[in-house]
Amino acid sequence: MFSTKLQEKSRRDVMKLAASGVFAPALSGWFPLLAKAAPTGGRGKAKSCILLWMDGGPSHKDTWDLKPDSKGAGEFKPIKTAAPGVEISEHLPKVAQVMNHGLVVRGMTTPEGAHPRAKYYMHTGFREGQGGVVYPSLGSIVSQEMGKADNTVPNYVAIGGRSYGSGFLGPKHQPLLVTDPARGVEDLKSAVSAAQLGNRTGLLEQMEKAFHREQSADSITDHKTTYERAVRLMQSKEAKAFDIAGDGTKGKYGSGRFADGVVMARRLVEVGVPFVEVSLGGWDTHQDNFERVKSLSGQVDSALSALVTDLKEKGLLDSTLIVWMGEFGRTPNINTRGAKPGRDHFPRAWSLAMFGGGLKGGQVLGKTDKEGASVEDRPTTAQDFLATVCELLGIDHTKKNETPTGRPIQIVEKPKPFTKDVA
């Protein structure tokens, strides 16, 4: 996911900081990748985005697009929601109560059916290897277009698993990785007093002068900005957003790493982080589909409904776009290869859901056929979806960024965004 060059740079810089005695060696991997930000600001209603990434490819027929009269209907029943005419899985009852704030996109159709390539495609809008370029993920695009250089918090945070990075946009738009939200960002708190920390960072700066003189201007700026922003974050009040231990709302989100990650995501949005991704794995249900989807839906149900409710109560739902999605759907038929039935990969027709962000709630976009096998109305590509997210965030998706070799590449190529239909 991340280039070898970046990983090497990260290791070198972490070792330098750790060796200085300023930070312990278990840093998250983000500090060395922070440097220079390009604040351009969003112009849309949404000012931040929380991506709930369902890793493995959730079954659309067992979540958002049930087909009770189809051949491969499965065990789950549809239930009514707060949005008239919109029905979803019986195992999402709390989400059903907030569907008046949500949009279900039932016409997703994409070309990639293998996990790594499909994840890359849905994060970037480009096929892996296309044109010999490593493309930036949506989070890095948001960091570039909406991030603020003077933020004490990072502009892109990935919680619960590695995400896709900045590609040709460079290290300044890489995400801060938080593996376990219950532990937060390790070594964020200084092990010494503020005065001692100041003395040590001053000493480090003196020691680094010779290094700076030997490097190119960009390297000097990157490195200097790296530890300055790291120290600034350590000393900021916003850093408390990474500490969810005392959050009074935790119980509503459920328990476990995903629930904790969603709590942290809300706290980060509250302090100005424009893009947060939270991962929930386990959706690759080739076998035992129904028990596993039921269990995973329970985690989603508590966390997603609590997130929507909390943001609404805080007056932040219109300015926060929530996206629930994976890399593809699963087959409309049920396989019988194992002891317990499952569903296989299926990118031709699948669903995702969106909440808040200026969307008109209680809507469904697109329609699949009676088996959930083909899109009958308003097929939606990855480019259509990504361009719509950009528009909701006020990002010009027609803007062209240049690769290091000077090649112009549009943020999203050839899209048909559906913003005007849903916002």
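An open sheet of eight strands, in the order 6-5-7-1-8-11-4-12 and with mixed pairing, is found in this predicted model. Strands (E, at least two residues) and helices (H or I, at least four) are DSSP runs numbered from the N terminus, and two strands pair if DSSP finds at least two bridges between them. Residues are numbered from 1 along each chain as its sequence is written. The model is predicted, with local features needing pLDDT of at least 70 and side-chain atom pairs counting only at pLDDT 80 or more, while totals for chains, interfaces and linings use all residues.

- Strand 5 (residues 156-159) and strand 7 (residues 275-280) run parallel and are joined by four bridges.
- Val157 has Val276 of strand 7 opposite.
- Helix 7 (residues 257-270) packs on the sheet and touches strand 1 (48-54), strand 5, strand 6, strand 7 and strand 8 (320-325); contact means heavy atoms within 4.5 Å.
- The direction of helix 7 makes about 175° with that of strand 7; axes are lines fitted to C-alpha atoms, for helices over the stretch in contact, and angles run from 0 to 180 degrees between N-to-C directions.

**Cavities**
- A cavity is a set of points, on a 1 Å grid over the protein atoms alone, where a 1.4 Å probe fits but cannot get out; lining residues have an atom within 4 Å of a point.
- The largest cavity is lined by 14 residues, with Thr124, Phe126, Pro136, Ile141 and Ile411 nearest its centre.
- Helix 4 (138-146), helix 9 (382-393) and strand 16 (408-410) each supply at least two residues of this lining.
- The lining has eleven nonpolar, three polar and no charged residues; Ala, Val, Leu, Ile, Met, Phe, Trp, Tyr, Cys and Pro count as nonpolar, Asp, Glu, Lys and Arg as charged, and the others, Gly among them, as polar.

**Loops**
- Arg378, not a glycine, has a positive phi of about 50° and is in the loop between strand 14 (375-377) and helix 9.

**Confidence**
- Mean pLDDT (the predictor's confidence in each residue, from 0 to 100) is 87 for the protein, and 82% of its residues reach 70 or more.
- Over residues 1-28, pLDDT stays under 50.
- Where pLDDT is low, the predicted coordinates should not be read in detail.

Methods:
Heavy atoms only, no water. 1 Å grid on protein atoms, 1.4 Å probe; cavity = no way out; pocket = protein on both sides within 12 Å on 5 of 7 lines; lining within 4 Å.
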